[in-house]
Amino acid sequence: MLAESLERLESSDWIDSIVIAAPPEWEEPCILVAEEIAATKVSSVVTGGETRSESVRLALEEVAEDAAVVLVHDAARPLLPEEVIKRLLPPLAEGWDGVVPALPVSDTIKRVDRDRVVQTVPRGELVAVQTPQAFVASALREALAGDVSSASDCASLVEARGGRVKVVEGDRRLLKVTDTDDLALVESWLAEGE
């Protein structure tokens, strides 16, 4: 999955540099994958933190201070279409602090307290957010300066500091691989040429 993500980021004209946050003891294998696929945009591999947000903070320390924009992507979403990257960047030039790709939620969502339904949430107000998420570099740096322990994504940290985050159209191919069924589906899409 890392190789597929790296190949797509490497081939994008919109990406100048890549920093990988690797789990402890996976730094060397990540370097080897990058070398094997000739991912020359990989500038460094850092040891990730205990949480996703800590990993992003550590990776961001390796991003050049003069970087204007930072994209945060999960290798668990290996099928990154170039069109998604193109949709993320223009809103940043329009004054948005962050931009996230998202898909409408098709299932009915219930808020529960243990096993009791307490509310049906109107799905017209909901989207499923994906990565990559794009940010004005300074906004992301500020957001990661505080307590990041409870954040499920970087956009929520930017939002919590008063940042404006725009939603753009996501892509069903940005499926997050969390189990063997997801992996099988991604593999089938790759075999079909997406």
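**Notebook: strands, a pocket and one aspartate**

I started with strand β4, and found that 5 bridges join β4 to strand β9 (residues 165–169), the two running parallel. This is a predicted model, so I keep that in mind for every entry.

**Entry 1: β4 and its partners**

Next I turned to strand β8 (residues 133–136), which runs antiparallel to β4 and is joined to β4 by 2 bridges. Here I noted Val-99 opposite Ala-134. Then came strand β7 (residues 127–129), which pairs with β4 in the antiparallel sense over 3 bridges. In that pairing I found Leu-103 opposite Ala-128.

Is β4 mostly covered or mostly open? I checked its residues, 98–104, and 5 of the 7 are buried, so I wrote down "mostly covered".

**Entry 2: a hairpin**

I moved on to β5 (residues 109–113) and β6 (residues 116–121), which pair in the antiparallel sense over 5 bridges. For Val-112, I found the bridge partner Val-117 in β6. The two strands form a hairpin with 2 residues between them. I looked at the turn and saw that Arg-114 has a positive phi of about 60°.

**Entry 3: the largest pocket**

How much space lies in the largest pocket? I noted about 1200 Å³. Of the 41 residues that line this pocket, Ile-18, Val-19, Ile-20, Ala-21 and His-73 are the closest to its centre.

I also asked which elements supply at least two residues each to the lining. My list has the helices α1 (2–11), α2 (27–36) and α3 (52–60), along with the strands β1 (18–22) and β3 (69–72). Sorting the lining residues by type gave me 31 nonpolar, 6 polar and 4 charged.

**Entry 4: Asp-74**

Where does Asp-74 lie? I found Asp-74 in the loop between β3 and α4 (82–88).

Is Asp-74 buried or exposed? Its relative accessible area is 18%. Buried means under 20%, so Asp-74 counts as buried.

What does the side chain of Asp-74 make a polar contact with? I traced the contact to the side chain of Arg-52, at 3.2 Å. Leaving out residues up to four places away in sequence, I listed what Asp-74 touches: Ser-5, Arg-52 and Thr-131.

How values were computed: Residues are numbered from 1 along each chain as its sequence is written. This is a predicted model: local features need pLDDT of at least 70, side-chain atom pairs count only at pLDDT 80 or more; totals for chains, interfaces and linings use all residues. Side-chain values use heavy atoms; hydrogens and water are left out. On a 1 Å grid over the protein atoms alone, a cavity is a set of points where a 1.4 Å probe fits but cannot get out, and a pocket is an open set with protein on both sides within 12 Å along at least five of seven lines; lining residues have an atom within 4 Å of a point. Grid points are joined across faces, edges and corners, and a volume is the space filled by probe spheres set on the points. Helices (H or I, at least four residues) and strands (E, at least two) are DSSP runs, numbered from the N terminus. Ala, Val, Leu, Ile, Met, Phe, Trp, Tyr, Cys and Pro count as nonpolar, Asp, Glu, Lys and Arg as charged, and the others, Gly among them, as polar. Buried means under 20% relative accessible area, exposed over 50%, partly exposed in between (1.4 Å probe, protein chains only). A polar contact is a pair of N or O atoms within 3.5 Å; within protein, one must be able to donate a hydrogen and the other to accept it, and residues adjacent in sequence count only if both atoms are side-chain atoms. Contact means heavy atoms within 4.5 Å. Two strands pair if DSSP finds at least two bridges between them.
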